[in-house]
Amino acid sequence: MSKPVVLIAEELSPATLEALGPDFEIRHCNGADRGQLLPAVAEADAILVRSATKVDEEALSAAPRLKVVARAGVGLDNVDVKAATQHGVMVVNAPTSNIVSAAELAVGLLLAAARHVAPANAALKNGEWKRSKYTGIELYEKTVGIVGLGRIGVLVAQRLSAFGMKVIAYDPYVQPGRAAQMGVRLVTLEDLLADSDFMSVHLPKTPETVGLIGVDELAKVKSTLVLVNAARGGIVDEQALYSALKEGRMAAAGVDVFAKEPCTDSPLFELENVVATPHLGASTDEAQEKAGIAVARSVRLALSGELVPDAVNVQGGVIAEDVRPGIPLTEKLGRIFTGLAGEVAQQVDVEVRGEITQYDVKVLELAALKGIFADIVEEQVSYVNAPLLAAERGVAVRLVTEPESPDHRNLITIRGTLADGNQVSVSGTLIGISQRERLVEVDGYTVDIEPTDHLAFFRYEDRPGMVGVVGQLLGQAAINIAGMQVCRDCQGGHALVALSVDTAIPTSVLDEIRTSIDAVDVRAVDLSEAVDVSEV
């Protein structure tokens, strides 16, 4: 079989290619040149880009094999995420690759603005020794206001705390207790503006944050304020900032981002008390290497159909450590569910009970759907297209969570309604320190069996001798039983034999067992294709 084609559309670090590994055919093109990009992407299973390559509707339409677009960086302005989703293409980025670099630049700009580093440097290189003109201010015991206490904001707060600064922050989505643990006091934006000696902006650019720091806000600040924006252009109104600095209503500013980029002509550049850089937040060797390695790993996961935590158009994101072990178990439960149902259910509930419901368990719904469709569609099922497959087949899917779990610490159940109104259910849990997988319920019958590669389920009218018949027929076929569980709904009612075997049971043997025990239902499930989420 030919290897999947990964197209590198821009220059990436050697570590990126190393992280991709030997399992792909690597091709290169100049993504900024449409004449090169469109023919090259036609045969690509994945494309890796930075900021110069536009992955839009035209490019996506030219790429029938494309499964994943990987942006080696944070911003996705050059990728049409909506169009990619409509094409069933996963989009991934590297959201944490540059956070240290961005935080360090913000601190650097703040120090440079406080100590007039840029104009003093320019003056000295121009032959002028102006020590008295460029007297600065210390950070020690001053108050810094962090606008946006996300990942970068937290890093900036930690670093400025080490300077002996008092840290306050405005972020309506952060709980005061969490901020207090970091030694940060949450305040309103109005109080932050009034109390800050220094201010650093670390918000995403959204319709709500554009122009957040404008004329009215800058009218409330101290005349000694030093403001830094190394987040996104437009959050701080550049004209309002220029006026406040020009009129002496602020002391200085450090600016790395602009409303329109590239920006080479701004009134801010006229001012000596502005330190300006050309969007250098992620421009370190380390950040670029981290970004390349991160998206290379995501591409590997995406092309193997596994969950990709950094996917932006599929529910992924950060997965709690307590949730991760449940992912492969849930996918197996999905495959067992389909094996038991023998058809596509009209309604599927993914029920999660127990302690893990305190975390985001949406990923378990995706894992269930991936397992449900893995053995019934020709195309490779992934965490991106599984919900689309469900929608296309009219399957209504619901995630149900319940913190109480009477019998198990955590319990995952997949329950579905078939076209004839009958229900199928299967439940599993993880036990012990090693988190061993156990199948604990099948169609209302209580079982306790390991979900190994080869499983079989026989349901029949409860009467003596049937277990011996099953064992004898399997023995005659040289099929070794690894584990067996027998249970019944009531004495003389229906019984279920659930067993794991070392090898797959041939159809002829299943038919013989069906006839010999007059089985109501006989099902075999093959899980021999391993579910590997070791890199999730």
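1. Let's start with helix H17 (residues 507-517), which lies across E19 and E22 and runs at about 20° to E19. Helices (H or I, at least four residues) and strands (E, at least two) are DSSP runs, numbered from the N terminus. Angles run from 0 to 180 degrees between N-to-C directions, with axes fitted to C-alpha atoms, for helices over the stretch in contact. Contact means heavy atoms within 4.5 Å.

2. A word on the source: this is a predicted model, where local features need pLDDT of at least 70, side-chain atom pairs count only at pLDDT 80 or more, and totals for chains, interfaces and linings use all residues. Residues are numbered from 1 along each chain as its sequence is written, and side-chain values use heavy atoms, leaving out hydrogens and water.

3. Now the sheet: four strands form an open, antiparallel arrangement in the order E20-E21-E19-E22. Strands E20 (481-488) and E22 (521-526) are at the edges with a single partner strand each, so one side of each has no neighbour in the sheet. On average, neighbouring strands here are turned by 15° against each other, direction ignored.

4. Strand E19 (residues 454-461) pairs with E22 over six bridges; pairing requires at least two bridges found by DSSP. Ala456 has Ala524 in E22 as its bridge partner.

5. Helix H16 (residues 466-476) lies across E19, E20 and strand E21 (494-501), at about 160° to E20.
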